[in-house]
Amino acid sequence: MGERSAALADQFEKAVAEFAKEIEETPDDKWSAKTGDGWTVAAAAQHVSGQFPLEMEYITAAAEGREGPAYSWDDINGKNDGRAAKNTTVSKGDVLQELRVGAASTAAYIRALSDSQLDSTISLPLAGGADVSAQQLIEGGVLIDHVNGHLASIRAAG
């Protein structure tokens, strides 16, 4: 564990804590409101809580010097839309439990990364084949920014 990995894990935990607080404070009548993505707040919240395993596929591949997943945007969007359709009325309790368990294991993994693992890259098909480091995946749209982006969409929901 290094200072960079600890700082990234702390950033992630902070984003998740803010997300969890928003979910806890979301009034029941807003839970079925639509976000800008067209999903219910419930489905958007579950999308974040249930997405950590997929996000970890990318992060671990980069950190461990393996080839990354070859999902296309159609694959990702199909998975997301299918899960959203199944989770339009998921309970807050279920989302919060999944969020806390997934975030704890994800943060522990990040905290254990070395600087060389954070700098290790994969070619990311979703980014046009660009080389992306594990740190960029953690900070960028794959993990921390993903949580924060959906937090904003939930806050803006009807």
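Is glutamate 22 buried or exposed? I will come to that after the overall fold.

First, the basis. This is a predicted model, in which local features need pLDDT of at least 70 and side-chain atom pairs count only at pLDDT 80 or more, while totals for chains, interfaces and linings use all residues. Residues are numbered from 1 along each chain as its sequence is written, and side-chain values use heavy atoms, with hydrogens and water left out.

The protein has eight helices and two strands, taken as DSSP runs numbered from the N terminus, with at least four residues of H or I for a helix and at least two of E for a strand. The order along the sequence is α-α-α-α-α-α-β-β-α-α. The radius of gyration is 16 Å, close to the 15 Å from the globule rule for 158 residues, so the protein is as compact as a globular protein of that length. That radius is taken over C-alpha atoms, and the rule is 2.2 Å times the number of residues to the power 0.38. The C-alpha trace spans about 45 × 35 × 20 Å along its principal axes.

Of the 158 residues, 51% count as buried. Buried means under 20% relative accessible area, exposed means over 50%, and partly exposed is in between, with a 1.4 Å probe and protein chains only.

Now the salt bridges. The whole structure has 10 of them, each defined as a side-chain nitrogen of Lys or Arg within 4 Å of a carboxyl oxygen of Asp or Glu.

Aspartate 10 pairs with arginine 111, with the closest N and O atoms 2.6 Å apart. Aspartate 10 sits in helix H1, residues 3–25, and arginine 111 in helix H5, residues 92–111, so the pair ties together parts that are 101 residues apart in sequence. Aspartate 10 is partly exposed at 44% relative accessibility, and arginine 111 is partly exposed at 22%.

Arginine 155 forms a salt bridge with glutamate 18, the closest N and O atoms being 3.0 Å apart. Arginine 155 belongs to helix H8, residues 144–156, and glutamate 18 to helix H1, so this pair ties together parts 137 residues apart in sequence. Both are partly exposed: arginine 155 has a relative accessible area of 42%, and glutamate 18 one of 33%.

Arginine 155 also meets glutamate 22 in a salt bridge, at 3.2 Å from N to O. That pair links helix H8 to helix H1 across 133 residues. As for the opening question, glutamate 22 is buried, with a relative accessible area of 17%.

Lastly, Arg4, Asp115 and Asp119 are linked in a network of salt bridges.
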